[in-house]
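The points below are numbered and can be read in order.

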Amino acid sequence: MRVRHAVDESGALDWPDEQQIQHVFRHINQPNHGQERVGFKTDELREKLFRHEIAELFTDLRRYGEQALREPLPLLTFQLFRQFGREGDRKAYEQVYFERRGRLAAVAMLALDAGTPHMVHALEEMLWAVCDEYTWCLPAHLGTGEAEQVAGNIDLFAAETVHMLAEIVVLHRHHLDALIVERILQEAERRIFTPLYREKRAYHWQIADHNWSAVCGGCCGMAALLLLEDQAMLLEANRQTINCMKAFLSGYGEDGGCAEGIGYWVYGFGYFVYYAEMLLDYTEGALDLLQGSKIAAIAAFPLRIHLSGGTFINYSDSSEHEEIPSGLLSLLAVRFGMEVDLPLRIPRLTEDPCRRWAHLLRNVMWSDPVVYKRIHREAAERANGGFIFQQLEWMVAKHALHMPPNVQGETSKPCSDREWVQVACSFKGGHNDEPHNHNDLGQVIIHCGGENILCDPGAGLYTQAYFAPGREQLFHISSAGHNVPLIGGCEQRSGRKAEAELLEFRLEPDGSEVQALFDLTRAYSEATTLHRYTRHLSWKAGQDCVGMNGTMEIKERGGSCCSTGNPPDPDVYVDMASLRIIDRFQWKMDTEADTTKSSLNEPYVEAQVVERWISRVGPTMEKEGRLRWQASQANLYMNYDAVQWRVQTEAVHTVDHDQVPVTFYRTSLVWKGNEVTATKSEDERVEDAETANDAPLEIVCQVDFMVEPHQGEAEVSPRESLYSHSDISMEK
C-alpha cells in the first residue's frame with residue numbers, strides 16, 4: 001500500500017478521459033505486467049499473515065482450512081438451484097455457495113506457507129470444482145434459471161468469483177498445476193471476458209448508480225488487469241470499468257452519504273477502492289481515481305455515522321454493528337488523513353456470511369495498527385460534532401456526557417474511559433424510493449454508550465418477497481417497523497412522491513444541539529382526511545440536568561433550574577441529553593358533514609393517530625405518563641400526555657438479515673379521541689365546534705425523551721426485556 005496525499009484541492013475529481021486511458025495503456029507493453037504490479041507479493045503477504053495482530057484471523061483460517069481438508073466440498077445440487085424459483089428461498093443455495101467460497105479462500109491463504117504442499121493439492125481440487133459450477137451467479141439473479149438466462153450472465157457473485165480466482169492464480173501461479181491455471185483462464189474468458197469485453201453485451205449494472213456497478217465492474221476489471229495480456233482487450237476492459245465507477249459515484253452526493261447504508265458502503269465503495277488501488281499500481285500512478293473532495297467525503301461516511309462502540313446509524317438495509325474491513329479503513333485513513341475512532345479489530349473470515357476474498361486479502365495486507373487509537377475521553381470529545389448529509393437528509397449529532405461521580409470512581413484518577421459516555425441522536429428525511437428503501441421518513445435513533453436504544457430494525461431476511469411488490473408490508477421495510485406514526489389507519493406509502501420536506505434545520509458544530517422541522521404530509525397520501533403533518537425534533541446534549549429522582553426539566557448552562565425553586569444540589573446534577581418531538585396533525589374539513597360534529601370524536605375516527613417507538617429493550621411504566629427503557633449504560637425516559645394518549649407495548653418476533661431470531665418492542669401511543677372529548681365541558685365542546693368551522697382540526701402529540709447515564713451498574717442485560725405485560729406477537 002502506497003502512501004499518497006495528492007488530493008485535488010479544487011474538490012473536483014479529475015476523471016480520466018478516453019484519450020488519457022488509451023495513452024496510458026498503449027505504453028504498458030511488458031508481458032505479465034498485471035502479475036507483477038498488483039500491489040502485493042506472495043512473500044510479503046506470507047510475512048504479514050504471521051504478524052501478531054493477525055493471530056486471531058490466522059487461527060480462524062487454520063481451523064477453517066483443517067475442516068476443509070477433512071470434509072468434502074458441499075455440492076451445489078440441482079434441487080438447491082431450483083429451490084429459489086419454486087419456493088422463493090435464497091438461503092439454502094447461498095449457504096452452500098458461500099461455504100465453498102470460504103473454504104477456497106481459507107485454503108488459498110494457508111497454502112502460502114511453503115511447508116504445506118498438501119494445502120496446494122487441496123487448493124487445486126477446490127479451484128477445479130469452482131470451474132465446474134453450472135453458473136457462478138446466484139439463482140436469485142437469474143430469473144427462471146433457464147440455460148439462455150445463465151449463458152453470459154454476470155451478477156455480483158460471478159464477478160467476485162472471477163476476481164478471486166484471478167488473484168489466487170497470481171499468488172500461486174508457480175505452485176499450481178499448469179492445467180489448473182489454463183482451466184481458470186478458459187473459464188474466465190468464457191464466462192466473463194468474452195461476453196463483457198469482446199462481445200460488449202450491455203448489462204444493467206454498467207450504468208447503475210449503486211453498489212452493483214462498483215462490485216461487478218470493479219471485480220471484472222481487476223480480473224482483466226491480472227489475467228488479460230491482449231492490449232486491445234485491456235484497454236476495453238478498463239474503459240468499461242472506469243465508466244462503471246463513474247456511474248457508481250453518480251449515486252453519491254457531494255455530502256458522501258450512502259443511501260443504502262453502511263453495509264452497502266462497505267460493499268460498493270470497498271470494491272471501488274480495491275479497483276482504484278490496483279489501477280493506480282498497475283499504471284504506476286498515472287490513473288488515480290481516489291482523489292477529490294467528493295471521494296474524501298465518501299471515505300469519511302462510516303466515521304460520520306459511527307455513534308460509539310462500533311454501533312452505527314443503520315437506515316435502509318444495514319446492521320447496527322457492521323464490521324468495517326480493517327484494511328479498507330486503514331488505507332482510507334492514511335490516504336485522506338482521517339482519525340479513526342474505532343478499535344483495531346481484523347475481522348475473521350467466518351464472520352463474513354459471504355466469505356469475501358477481497359476483504360480477507362486486503363485486511364491482511366493493509367491493516368495498519370498505527371491508524372487505530374485507543375478510545376479515551378479526549379478522542380471522544382474530538383469525535384463530538386454534528387453533521388447533515390444534505391442530499392440524503394440524514395442528520396447526526398454526537399456528544400460526550402460526563403458519567404455520575406459514583407460511576408467515575410475516585411476523582412483524583414487521570415481521565416479514563418469510565419468518566420464519559422457517548423450519546424447521539426439521528427433524524428432521517430429523504431424519500432421512499434431510495435436504494436434498499438424502507439418507508440421511514442421522519443425516523444429517529446437515540447443512542448448512548450454503544451447502544452441504539454430507540455432503534456431502527458435494519459435489514460430483514462432477503463427472500464423473494466423482500467424485493468417483490470407488496471414488500472412494504474414486511475416489518476423491517478414498513479413504516480410500522482420504524483419510529484413514525486400510523487395516521488388514519490394508513491402507513492407511509494412507497495415511491496418517489498413520498499418525500500420529506502425539510503422546512504428548518506439548525507445544528508451546533510459540537511453536536512450539543514440539533515433541531516429539524518419536517519413536513520411529512522406527502523408520505524401519507526393515502527390518509528385522505530389528512531391536511532398536513534409536521535414533525536419538529538429538538539435534541540440537546542451536555543446540559544446540566546436534574547437527576548431522575550427529582551424532575552426531568554433541563555437547566556441550561558448558566559441558567560436557573562425551574563423545577564423546585566430550591567438551589568440546585570451539585571451532587572444530583574449530571575450531564576444528560578434530551579429529545580423533544582412535536583408531531584402536529586391537521587385534518588381537512590368535511591364540508592358535507594354536520595358542523596355540530598366537527599369535534600375530535602365520531603366523524604374523525606379514521607383520523608386516529610398512533611405514534612410508535614421501536615426498541616430492542618421493552619420499557620417499564622414508572623408512572624402514568626412516563627416510561628423507562630433501561631440500557632447498559634443509561635436510562636431512556638419518555639414523558640407523554642397520559643390524558644390524550646394511551647400506551648401499549650407489543651413484542652414483534654422476527655429474524656434478522658442472517659436469519660437469527662430477534663425480538664423488537666413496539667411501544668405505541670394511541671390517541672384517545674372520544675375519551676378526551678367525554679371529559680370536556682359543554683362550553684369546551686362548543687368552542688371546539690366553532691374553531692373547527694374556521695381551521696382544520698388539529699391533534700398535537702408532544703413527547704420528551706431524556707437520556708440519563710447510570711448512577712450505578714446496569715442491573716440487567718440491555719437485551720433482556722423489562723416489560724412486565726404479556727407479549728403480543730406480530731403475524732408474519
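1. The cover over the buried residues of helix α3 includes α4 (55–70), α6, α9 and α16 (357–366). Contact here means heavy atoms within 4.5 Å; helices are DSSP runs (H or I, at least four residues), numbered from the N terminus.

2. This is a predicted model, in which local features need pLDDT of at least 70, side-chain atom pairs count only at pLDDT 80 or more, and totals for chains, interfaces and linings use all residues. Residues are numbered from 1 along each chain as its sequence is written, and side-chain values use heavy atoms, with hydrogens and water left out.

3. Which residues of α3 are buried? In this helix (residues 42–49) they are Leu45, Lys48 and Leu49, where buried means under 20% relative accessible area, exposed over 50%, and partly exposed in between (1.4 Å probe, protein chains only). They cover an arc of only 105° around the axis, so they lie on the same side of α3; the arc is that of the directions from the helix axis to the C-beta atoms. Exposed Asp43 and Glu47 are on the face of α3 turned away from its buried side.

4. Rings of Phe, Tyr and Trp (its six-membered ring) pair if their centres lie within 6.5 Å; planes under 30 degrees apart count as stacked, over 60 as edge-to-face and the rest as tilted. By this rule there are 31 aromatic pairs. One of them joins Tyr97 and Phe157 edge-to-face, at 6.3 Å centre to centre with 80° between the planes. Tyr97 belongs to helix α6 (residues 91–110) and Phe157 to helix α9 (residues 156–172), so the pair ties together parts 60 residues apart in sequence. Tyr97 and Phe157 are both buried. These two also belong to one aromatic cluster with Phe81, Tyr93, Phe98 and Tyr134.

5. The largest nonpolar core has 153 residues; such a core is a set of buried Ala, Val, Leu, Ile, Met, Phe, Trp, Tyr and Cys residues joined through side-chain atoms within 4.5 Å. Among the members touching the most others are Phe25, Met109, Trp265 and Trp357. Helix α13 (residues 262–282) gives the most to this core, with 15 residues. A second, separate core of 55 residues includes Ile388, Cys425, Leu627 and Leu636.

6. The charged end of Arg356 sits over the ring of Tyr267, 4.0 Å from its centre. The criterion is NZ of Lys or CZ of Arg within 6 Å of the ring centre and within 35 degrees of the ring normal.

Conventions: Helices (H or I, at least four residues) and strands (E, at least two) are DSSP runs, numbered from the N terminus.
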